Amino acid sequence: MQFATLNEGVVPGVPSLDELRDLKPLQQPEWPDPVALEQVIGQLRKLPPLVFAGECDDLTGKVGAVARGEAFLLQGGDCAETFDGVTAENIRAKLRVLLQMSVVLQYAASVPVVKVGRIAGQYAKPRSSGDETRDGVTLPSYRGDAVNGIDFTPESRIPDPRRLREVYNAAAATLNLTRAFTTGGYADLHQVHAWNTDFVRSSPVGRRYEQLASEIERALAFMRACGATADEFKTVDFYASHEALILEYEHALTRIDSRTEQPYNVSGHLLWVGERTRQLDGAHVEFLATLSNPLGVKIGPTTTPEYIRALIDKLNPKGIEGRLTFITRMGAGKIREALPPLLEAVRDHGSPVAWVCDPMHGNTYETPNGYKTRNFDDVVNEVQGFFDAHEQVGTWPGGLHVELTGDDVTECLGGGEELVAEDLVNRYETACDPRLNRHQSLELAFLVAERLRGAQS
(Lines give C-alpha, C1' and ligand atoms only; values in the text may rest on other atoms or scores of the structure.)
Protein backbone atom coordinates (compact mmCIF):
# COMPACT_ATOMS: atom_id res chain seq x y z
CA MET A 1 0.00 0.00 0.00
CA GLN A 2 1.35 3.40 -0.95
CA PHE A 3 0.55 6.96 -0.08
CA ALA A 4 0.80 9.88 -2.45
CA THR A 5 3.72 12.25 -1.94
CA LEU A 6 2.62 15.56 -0.43
CA ASN A 7 3.94 18.97 -1.40
CA GLU A 8 4.53 21.56 1.32
CA GLY A 9 2.06 19.81 3.61
CA VAL A 10 -0.90 20.31 1.23
CA VAL A 11 -3.35 17.45 1.62
CA PRO A 12 -6.21 17.64 -0.89
CA GLY A 13 -9.54 17.89 0.87
CA VAL A 14 -7.99 18.64 4.28
CA PRO A 15 -7.72 22.15 5.77
CA SER A 16 -4.16 23.43 5.86
CA LEU A 17 -2.42 23.75 9.19
CA ASP A 18 -2.64 27.54 8.90
CA GLU A 19 -6.39 27.31 8.28
CA LEU A 20 -6.79 25.15 11.36
CA ARG A 21 -4.72 27.57 13.42
CA ASP A 22 -6.97 30.41 12.26
CA LEU A 23 -9.83 28.58 14.02
CA LYS A 24 -7.93 29.09 17.31
CA PRO A 25 -7.80 25.44 18.40
CA LEU A 26 -8.07 24.76 22.11
CA GLN A 27 -5.68 22.81 24.34
CA GLN A 28 -2.66 23.48 22.13
CA PRO A 29 0.88 24.07 23.47
CA GLU A 30 2.42 27.51 23.24
CA TRP A 31 5.52 26.47 21.33
CA PRO A 32 8.30 28.99 22.12
CA ASP A 33 10.41 28.21 19.02
CA PRO A 34 8.34 28.41 15.80
CA VAL A 35 11.37 27.70 13.60
CA ALA A 36 12.09 24.43 15.41
CA LEU A 37 8.40 23.54 15.25
CA GLU A 38 8.26 23.98 11.46
CA GLN A 39 11.41 21.90 11.06
CA VAL A 40 9.88 19.03 13.02
CA ILE A 41 6.62 19.24 11.09
CA GLY A 42 8.57 19.05 7.84
CA GLN A 43 10.43 15.97 9.07
CA LEU A 44 7.22 14.25 10.17
CA ARG A 45 5.60 14.83 6.78
CA LYS A 46 8.34 12.77 5.10
CA LEU A 47 8.24 9.79 7.45
CA PRO A 48 6.54 6.48 6.59
CA PRO A 49 2.99 5.85 7.86
CA LEU A 50 2.58 4.27 11.27
CA VAL A 51 -0.62 2.50 10.18
CA PHE A 52 -2.14 1.79 6.79
CA ALA A 53 -5.37 2.91 5.21
CA GLY A 54 -6.49 -0.67 4.63
CA GLU A 55 -6.16 -1.40 8.35
CA CYS A 56 -8.28 1.67 9.12
CA ASP A 57 -10.91 0.43 6.69
CA ASP A 58 -10.88 -3.00 8.34
CA LEU A 59 -11.53 -1.37 11.70
CA THR A 60 -14.34 0.72 10.22
CA GLY A 61 -15.97 -2.52 9.12
CA LYS A 62 -15.62 -4.04 12.58
CA VAL A 63 -17.01 -0.94 14.29
CA GLY A 64 -19.89 -1.17 11.84
CA ALA A 65 -20.69 -4.56 13.35
CA VAL A 66 -20.64 -2.91 16.78
CA ALA A 67 -23.09 -0.26 15.58
CA ARG A 68 -25.40 -3.03 14.30
CA GLY A 69 -25.32 -4.80 17.67
CA GLU A 70 -23.27 -7.72 16.34
CA ALA A 71 -20.00 -7.11 18.20
CA PHE A 72 -18.52 -5.38 21.25
CA LEU A 73 -15.59 -2.93 21.28
CA LEU A 74 -12.96 -3.09 24.03
CA GLN A 75 -10.69 -0.04 24.11
CA GLY A 76 -8.08 0.40 26.82
CA GLY A 77 -4.62 1.46 27.84
CA ASP A 78 -2.69 4.16 29.65
CA CYS A 79 -4.17 7.54 30.48
CA ALA A 80 -0.98 9.07 29.11
CA GLU A 81 1.81 7.05 27.55
CA THR A 82 5.37 8.01 28.38
CA PHE A 83 8.59 7.63 26.47
CA ASP A 84 10.12 5.74 29.39
CA GLY A 85 7.20 3.31 29.21
CA VAL A 86 8.13 2.06 25.74
CA THR A 87 9.57 -1.23 26.93
CA ALA A 88 8.80 -4.79 25.92
CA GLU A 89 7.49 -5.64 29.39
CA ASN A 90 5.15 -2.63 29.62
CA ILE A 91 3.73 -3.20 26.15
CA ARG A 92 3.31 -6.92 26.78
CA ALA A 93 1.58 -6.29 30.12
CA LYS A 94 -0.97 -3.90 28.59
CA LEU A 95 -1.64 -6.27 25.71
CA ARG A 96 -1.97 -9.20 28.10
CA VAL A 97 -4.70 -7.63 30.21
CA LEU A 98 -6.63 -6.55 27.11
CA LEU A 99 -6.39 -10.08 25.72
CA GLN A 100 -7.61 -11.50 29.03
CA MET A 101 -10.52 -9.08 29.14
CA SER A 102 -11.47 -9.83 25.55
CA VAL A 103 -11.41 -13.57 26.23
CA VAL A 104 -13.71 -13.09 29.21
CA LEU A 105 -16.10 -10.99 27.15
CA GLN A 106 -16.02 -13.13 24.04
CA TYR A 107 -16.35 -16.52 25.74
CA ALA A 108 -18.71 -15.59 28.56
CA ALA A 109 -20.97 -13.36 26.46
CA SER A 110 -20.60 -15.15 23.10
CA VAL A 111 -20.01 -11.93 21.19
CA PRO A 112 -17.08 -10.96 18.90
CA VAL A 113 -14.78 -8.42 20.56
CA VAL A 114 -13.05 -5.66 18.60
CA LYS A 115 -9.74 -4.98 20.35
CA VAL A 116 -8.43 -1.40 20.32
CA GLY A 117 -5.60 -0.04 22.46
CA ARG A 118 -5.09 3.45 23.84
CA ILE A 119 -1.62 2.93 22.53
CA ALA A 120 1.14 4.24 20.22
CA GLY A 121 -0.01 7.85 20.25
CA GLN A 122 -1.59 8.75 23.59
CA TYR A 123 1.28 11.06 24.52
CA ALA A 124 -0.66 14.32 24.89
CA LYS A 125 -3.35 15.28 27.39
CA PRO A 126 -5.78 18.20 27.65
CA ARG A 127 -5.62 20.02 30.98
CA SER A 128 -8.17 22.00 32.94
CA SER A 129 -5.55 24.67 33.65
CA GLY A 130 -2.57 25.83 31.65
CA ASP A 131 -0.52 26.35 34.80
CA GLU A 132 0.33 24.37 37.92
CA THR A 133 1.38 25.85 41.27
CA ARG A 134 3.39 24.05 43.94
CA ASP A 135 4.73 25.70 47.10
CA GLY A 136 4.18 29.14 45.61
CA VAL A 137 5.95 28.30 42.32
CA THR A 138 3.85 28.43 39.13
CA LEU A 139 4.92 26.60 35.96
CA PRO A 140 3.18 25.42 32.77
CA SER A 141 1.10 22.28 33.30
CA TYR A 142 2.43 18.94 32.15
CA ARG A 143 0.65 18.22 28.87
CA GLY A 144 2.12 14.81 28.18
CA ASP A 145 5.49 13.69 26.91
CA ALA A 146 4.53 14.94 23.43
CA VAL A 147 4.80 18.49 24.76
CA ASN A 148 6.92 18.79 27.90
CA GLY A 149 8.38 16.88 30.84
CA ILE A 150 6.67 15.76 34.01
CA ASP A 151 9.44 17.05 36.31
CA PHE A 152 8.36 20.24 38.06
CA THR A 153 11.21 22.45 36.86
CA PRO A 154 11.20 25.46 34.49
CA GLU A 155 13.41 23.60 32.01
CA SER A 156 11.26 20.47 31.96
CA ARG A 157 7.96 22.29 31.52
CA ILE A 158 8.98 24.31 28.43
CA PRO A 159 7.08 22.93 25.40
CA ASP A 160 9.63 21.37 23.05
CA PRO A 161 8.52 20.52 19.46
CA ARG A 162 11.33 18.00 19.12
CA ARG A 163 9.25 15.79 21.38
CA LEU A 164 6.78 15.32 18.51
CA ARG A 165 9.49 13.51 16.57
CA GLU A 166 10.09 11.33 19.60
CA VAL A 167 6.34 10.57 19.72
CA TYR A 168 6.62 9.16 16.21
CA ASN A 169 9.64 7.03 17.15
CA ALA A 170 7.99 5.74 20.32
CA ALA A 171 4.76 4.96 18.46
CA ALA A 172 6.66 3.11 15.73
CA ALA A 173 8.50 0.98 18.29
CA THR A 174 5.26 0.26 20.18
CA LEU A 175 3.35 -0.75 17.05
CA ASN A 176 6.23 -2.90 15.85
CA LEU A 177 6.29 -4.88 19.09
CA THR A 178 2.50 -5.04 19.34
CA ARG A 179 2.28 -6.53 15.86
CA ALA A 180 4.97 -9.04 16.78
CA PHE A 181 3.05 -10.11 19.87
CA THR A 182 -0.33 -10.37 18.16
CA THR A 183 0.92 -12.33 15.14
CA GLY A 184 3.91 -14.18 16.58
CA GLY A 185 2.20 -16.59 18.96
CA TYR A 186 1.68 -14.58 22.16
CA ALA A 187 -1.98 -13.90 21.33
CA ASP A 188 -2.67 -17.55 20.50
CA LEU A 189 -5.85 -18.56 22.30
CA HIS A 190 -4.01 -21.64 23.55
CA GLN A 191 -2.07 -19.20 25.78
CA VAL A 192 -5.07 -18.37 27.98
CA HIS A 193 -3.44 -19.96 31.02
CA ALA A 194 -0.02 -18.49 30.28
CA TRP A 195 -1.50 -14.98 30.35
CA ASN A 196 -2.38 -15.47 34.01
CA THR A 197 0.50 -14.81 36.37
CA ASP A 198 0.73 -15.99 39.97
CA PHE A 199 -0.36 -12.73 41.55
CA VAL A 200 -3.62 -12.78 39.61
CA ARG A 201 -4.18 -16.52 39.95
CA SER A 202 -4.06 -16.13 43.74
CA SER A 203 -6.88 -13.56 43.74
CA PRO A 204 -10.63 -14.33 43.57
CA VAL A 205 -10.98 -12.81 40.10
CA GLY A 206 -7.84 -14.63 38.99
CA ARG A 207 -9.28 -17.97 40.09
CA ARG A 208 -12.49 -17.15 38.23
CA TYR A 209 -10.42 -16.44 35.14
CA GLU A 210 -8.57 -19.75 35.57
CA GLN A 211 -11.88 -21.61 35.59
CA LEU A 212 -12.93 -19.89 32.39
CA ALA A 213 -9.52 -20.58 30.82
CA SER A 214 -9.90 -24.28 31.62
CA GLU A 215 -13.27 -24.32 29.88
CA ILE A 216 -11.73 -22.68 26.81
CA GLU A 217 -8.88 -25.19 26.84
CA ARG A 218 -11.32 -28.11 26.90
CA ALA A 219 -13.28 -26.57 24.02
CA LEU A 220 -10.08 -26.16 21.98
CA ALA A 221 -9.06 -29.74 22.74
CA PHE A 222 -12.45 -30.95 21.50
CA MET A 223 -12.04 -28.96 18.28
CA ARG A 224 -8.56 -30.39 17.74
CA ALA A 225 -9.95 -33.88 18.22
CA CYS A 226 -12.48 -33.08 15.50
CA GLY A 227 -9.68 -31.97 13.19
CA ALA A 228 -10.38 -28.24 13.46
CA THR A 229 -7.24 -26.11 13.79
CA ALA A 230 -8.42 -22.64 12.80
CA ASP A 231 -5.72 -20.04 12.26
CA GLU A 232 -8.08 -17.49 13.82
CA PHE A 233 -7.18 -18.95 17.23
CA LYS A 234 -3.50 -18.13 16.77
CA THR A 235 -3.55 -14.40 16.02
CA VAL A 236 -5.76 -11.40 16.78
CA ASP A 237 -6.51 -8.14 15.02
CA PHE A 238 -5.40 -5.34 17.30
CA TYR A 239 -5.80 -1.65 16.53
CA ALA A 240 -4.23 1.55 17.86
CA SER A 241 -6.13 4.66 18.93
CA HIS A 242 -5.47 7.97 20.63
CA GLU A 243 -6.94 11.41 21.11
CA ALA A 244 -6.07 13.57 18.08
CA LEU A 245 -5.06 16.55 20.21
CA ILE A 246 -1.83 18.15 18.96
CA LEU A 247 -2.78 19.38 15.50
CA GLU A 248 0.78 19.86 14.23
CA TYR A 249 1.52 16.17 14.80
CA GLU A 250 -1.78 14.87 13.45
CA HIS A 251 -1.76 17.08 10.35
CA ALA A 252 1.84 16.16 9.54
CA LEU A 253 0.88 12.47 9.56
CA THR A 254 -2.09 12.87 7.23
CA ARG A 255 -1.65 11.27 3.82
CA ILE A 256 -3.62 10.57 0.65
CA ASP A 257 -4.18 6.85 0.11
CA SER A 258 -3.18 5.94 -3.44
CA ARG A 259 -5.90 3.26 -3.67
CA THR A 260 -8.82 5.55 -2.95
CA GLU A 261 -7.35 9.07 -3.23
CA GLN A 262 -8.89 9.75 0.19
CA PRO A 263 -7.11 11.36 3.19
CA TYR A 264 -6.17 9.21 6.18
CA ASN A 265 -4.38 10.13 9.37
CA VAL A 266 -1.70 7.46 9.56
CA SER A 267 -0.74 8.14 13.20
CA GLY A 268 -3.37 5.65 14.40
CA HIS A 269 -6.31 3.56 13.25
CA LEU A 270 -9.05 5.22 15.32
CA LEU A 271 -8.81 8.84 16.40
CA TRP A 272 -11.08 10.58 18.83
CA VAL A 273 -11.82 14.18 19.78
CA GLY A 274 -12.15 14.96 23.47
CA GLU A 275 -14.85 16.60 25.53
CA ARG A 276 -12.84 19.84 25.68
CA THR A 277 -12.16 20.13 21.93
CA ARG A 278 -15.31 18.86 20.19
CA GLN A 279 -16.78 22.27 19.29
CA LEU A 280 -18.76 22.03 16.04
CA ASP A 281 -16.94 25.04 14.59
CA GLY A 282 -13.62 24.15 16.20
CA ALA A 283 -10.38 23.13 14.55
CA HIS A 284 -10.38 19.53 15.82
CA VAL A 285 -13.83 18.63 14.51
CA GLU A 286 -13.11 20.49 11.26
CA PHE A 287 -9.94 18.45 10.80
CA LEU A 288 -11.37 15.06 11.74
CA ALA A 289 -14.40 15.56 9.50
CA THR A 290 -12.14 15.38 6.44
CA LEU A 291 -10.41 12.11 7.38
CA SER A 292 -11.40 8.59 6.31
CA ASN A 293 -10.38 6.95 9.60
CA PRO A 294 -13.00 5.65 12.01
CA LEU A 295 -13.63 8.45 14.50
CA GLY A 296 -14.67 8.78 18.13
CA VAL A 297 -16.15 11.68 20.09
CA LYS A 298 -16.18 11.94 23.88
CA ILE A 299 -19.65 12.90 25.12
CA GLY A 300 -20.28 14.39 28.58
CA PRO A 301 -23.44 15.04 30.61
CA THR A 302 -24.03 18.54 29.23
CA THR A 303 -24.45 17.26 25.66
CA THR A 304 -27.87 17.97 24.16
CA PRO A 305 -29.83 15.94 21.59
CA GLU A 306 -29.60 18.87 19.15
CA TYR A 307 -25.84 19.02 19.53
CA ILE A 308 -25.31 15.30 19.06
CA ARG A 309 -27.39 15.29 15.89
CA ALA A 310 -25.28 18.18 14.57
CA LEU A 311 -22.11 16.21 15.35
CA ILE A 312 -23.40 13.29 13.30
CA ASP A 313 -24.19 15.57 10.36
CA LYS A 314 -20.72 17.10 10.59
CA LEU A 315 -18.65 13.94 11.07
CA ASN A 316 -20.66 11.31 9.21
CA PRO A 317 -22.92 13.05 6.67
CA LYS A 318 -22.93 9.98 4.40
CA GLY A 319 -24.09 7.64 7.18
CA ILE A 320 -21.17 5.22 6.80
CA GLU A 321 -21.39 2.24 9.16
CA GLY A 322 -18.45 2.13 11.55
CA ARG A 323 -17.39 5.69 10.81
CA LEU A 324 -18.53 7.24 14.10
CA THR A 325 -18.40 6.15 17.73
CA PHE A 326 -19.74 8.14 20.67
CA ILE A 327 -17.76 7.53 23.86
CA THR A 328 -19.86 8.52 26.85
CA ARG A 329 -18.21 9.95 29.97
CA MET A 330 -21.11 11.04 32.14
CA GLY A 331 -20.25 10.19 35.74
CA ALA A 332 -21.95 7.50 37.78
CA GLY A 333 -24.50 9.90 39.25
CA LYS A 334 -25.58 11.40 35.92
CA ILE A 335 -25.54 8.70 33.25
CA ARG A 336 -29.00 7.23 33.86
CA GLU A 337 -30.60 10.65 33.39
CA ALA A 338 -28.32 12.18 30.76
CA LEU A 339 -27.79 9.28 28.35
CA PRO A 340 -31.30 8.07 27.35
CA PRO A 341 -32.31 11.33 25.55
CA LEU A 342 -29.10 11.16 23.52
CA LEU A 343 -29.67 7.51 22.63
CA GLU A 344 -33.18 8.36 21.48
CA ALA A 345 -31.95 11.32 19.44
CA VAL A 346 -29.35 9.22 17.62
CA ARG A 347 -31.77 6.33 17.12
CA ASP A 348 -34.36 8.66 15.62
CA HIS A 349 -31.74 10.36 13.46
CA GLY A 350 -31.18 7.03 11.75
CA SER A 351 -27.42 7.28 11.26
CA PRO A 352 -25.38 4.24 12.38
CA VAL A 353 -23.42 5.03 15.54
CA ALA A 354 -21.50 2.78 17.93
CA TRP A 355 -21.93 3.58 21.64
CA VAL A 356 -19.01 3.01 24.01
CA CYS A 357 -18.85 3.68 27.76
CA ASP A 358 -15.91 5.49 29.35
CA PRO A 359 -16.62 5.00 33.08
CA MET A 360 -13.35 6.60 34.16
CA HIS A 361 -13.26 10.31 33.34
CA GLY A 362 -16.51 11.33 35.00
CA ASN A 363 -15.57 9.76 38.33
CA THR A 364 -12.22 11.32 39.24
CA TYR A 365 -11.62 13.04 42.57
CA GLU A 366 -8.78 13.87 44.95
CA THR A 367 -8.26 12.08 48.26
CA PRO A 368 -7.39 13.90 51.51
CA ASN A 369 -3.80 12.66 51.14
CA GLY A 370 -3.50 14.47 47.79
CA TYR A 371 -3.88 11.69 45.22
CA LYS A 372 -6.13 11.89 42.18
CA THR A 373 -8.12 8.66 42.16
CA ARG A 374 -11.33 6.87 41.16
CA ASN A 375 -13.46 4.48 43.14
CA PHE A 376 -14.04 1.12 41.50
CA ASP A 377 -17.64 1.12 42.74
CA ASP A 378 -18.26 4.36 40.82
CA VAL A 379 -16.73 2.85 37.69
CA VAL A 380 -18.98 -0.19 38.02
CA ASN A 381 -22.00 2.01 38.72
CA GLU A 382 -21.43 4.01 35.55
CA VAL A 383 -21.08 0.84 33.48
CA GLN A 384 -24.30 -0.48 34.98
CA GLY A 385 -25.98 2.85 34.20
CA PHE A 386 -24.74 2.64 30.61
CA PHE A 387 -26.37 -0.77 30.20
CA ASP A 388 -29.51 0.39 32.01
CA ALA A 389 -29.90 3.35 29.64
CA HIS A 390 -29.52 1.19 26.54
CA GLU A 391 -31.95 -1.35 27.94
CA GLN A 392 -34.45 1.46 28.56
CA VAL A 393 -34.20 2.83 25.01
CA GLY A 394 -33.74 -0.51 23.23
CA THR A 395 -30.29 0.20 21.78
CA TRP A 396 -27.04 -1.75 21.81
CA PRO A 397 -24.40 -1.04 24.52
CA GLY A 398 -21.53 -1.37 22.12
CA GLY A 399 -18.31 -1.08 24.06
CA LEU A 400 -16.07 -0.20 26.98
CA HIS A 401 -13.28 2.42 27.03
CA VAL A 402 -11.03 2.21 30.10
CA GLU A 403 -7.75 3.57 31.38
CA LEU A 404 -5.90 0.52 32.62
CA THR A 405 -2.53 -1.07 33.09
CA GLY A 406 -1.29 -4.62 33.21
CA ASP A 407 0.71 -3.83 36.34
CA ASP A 408 -0.20 -4.31 39.99
CA VAL A 409 -0.57 -0.59 40.67
CA THR A 410 -2.59 1.08 43.43
CA GLU A 411 -4.26 4.04 41.74
CA CYS A 412 -8.02 3.36 41.91
CA LEU A 413 -9.76 2.51 45.17
CA GLY A 414 -11.88 -0.55 45.88
CA GLY A 415 -12.29 -3.68 43.82
CA GLY A 416 -11.65 -7.21 45.02
CA GLU A 417 -8.44 -6.12 46.72
CA GLU A 418 -10.41 -3.48 48.66
CA LEU A 419 -7.80 -0.77 48.11
CA VAL A 420 -8.17 2.28 50.35
CA ALA A 421 -6.69 5.78 50.20
CA GLU A 422 -3.70 4.76 52.32
CA ASP A 423 -2.76 2.17 49.67
CA LEU A 424 -2.26 4.80 46.98
CA VAL A 425 1.24 5.57 48.23
CA ASN A 426 2.42 2.02 47.46
CA ARG A 427 2.43 1.97 43.64
CA TYR A 428 0.95 5.15 42.23
CA GLU A 429 2.78 5.29 38.88
CA THR A 430 0.50 7.03 36.39
CA ALA A 431 1.74 10.11 34.53
CA CYS A 432 -1.68 11.72 34.67
CA ASP A 433 -4.97 10.05 35.65
CA PRO A 434 -5.44 6.90 37.80
CA ARG A 435 -5.78 3.57 35.99
CA LEU A 436 -7.45 0.28 36.85
CA ASN A 437 -4.94 -2.40 37.73
CA ARG A 438 -5.11 -5.91 36.33
CA HIS A 439 -7.30 -7.30 39.11
CA GLN A 440 -9.83 -4.50 38.70
CA SER A 441 -9.77 -4.73 34.89
CA LEU A 442 -10.60 -8.43 34.92
CA GLU A 443 -13.27 -7.91 37.54
CA LEU A 444 -14.86 -5.28 35.32
CA ALA A 445 -14.70 -7.60 32.30
CA PHE A 446 -16.67 -10.31 34.11
CA LEU A 447 -19.30 -7.76 35.12
CA VAL A 448 -19.66 -6.49 31.54
CA ALA A 449 -19.90 -10.06 30.24
CA GLU A 450 -22.85 -10.70 32.55
CA ARG A 451 -24.63 -7.56 31.35
CA LEU A 452 -23.91 -8.42 27.72
CA ARG A 453 -25.60 -11.78 28.12
CA GLY A 454 -28.67 -9.93 29.38
CA ALA A 455 -28.52 -7.40 26.52
CA GLN A 456 -28.57 -10.23 23.97
CA SER A 457 -31.66 -11.91 25.42
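Arginine 451 is buried, with a relative accessible area of 18%, where buried means under 20%, exposed over 50% and partly exposed in between, computed with a 1.4 Å probe on protein chains only. The structure is a predicted model, in which local features need a pLDDT of at least 70 and side-chain atom pairs count only at pLDDT 80 or more, whereas totals for chains, interfaces and linings use all residues. Residues are numbered from 1 along each chain as its sequence is written, and side-chain values use heavy atoms, with hydrogens and water left out.

The side chain of arginine 451 forms a salt bridge with aspartate 388, the closest N and O atoms being 3.0 Å apart. Because arginine 451 belongs to helix H13 (residues 438-456) and aspartate 388 to helix H12 (residues 376-393), this pair ties together parts that are 63 residues apart in sequence. Helices (H or I, at least four residues) and strands (E, at least two) are DSSP runs, numbered from the N terminus. Aspartate 388, at 28% relative accessibility, counts as partly exposed.

In total the structure holds 31 salt bridges, each defined as a side-chain nitrogen of Lys or Arg within 4 Å of a carboxyl oxygen of Asp or Glu. Side chains of opposite charge can pair when their charged atoms come close. Arginine 179 is partly exposed at 30%, and glutamate 55 is partly exposed at 23%. Arginine 21 and glutamate 38 also meet in a salt bridge (3.3 Å, N to O), which links helix H1 (residues 17-22) with helix H2 (residues 34-46) across 17 residues. A network of salt bridges links Arg118, Lys125, Lys372, Arg374, Glu403 and Asp433.

In the unreviewed UniProt entry, the annotation "binding site" covers Arg118, Glu275, Arg276, Lys298 and Arg329; UniProt positions are given in the numbering used here, feature names are shortened, and annotations may be inferred rather than shown by experiment. The lining of the largest pocket takes in Arg118, Glu275, Arg276, Lys298 and Arg329 from this set. On a 1 Å grid over the protein atoms alone, a pocket is an open set of points where a 1.4 Å probe fits, with protein on both sides within 12 Å along at least five of seven lines, and lining residues have an atom within 4 Å of a point.

Lysine 298 lies in strand S10 (residues 295-299) and, at 4% relative accessibility, counts as buried. Leaving aside neighbours within four places in sequence, lysine 298 is in contact with residues including Arg118, Glu275, Arg329, Asp358 and His401, contact meaning heavy atoms within 4.5 Å. Arginine 329 lies in the loop between strand S11 (324-328) and helix H11 (335-349) and is partly exposed at 21%. With the exclusion of neighbours within four places in sequence, the contacts of arginine 329 include Glu275, Lys298, Asp358 and Glu382.
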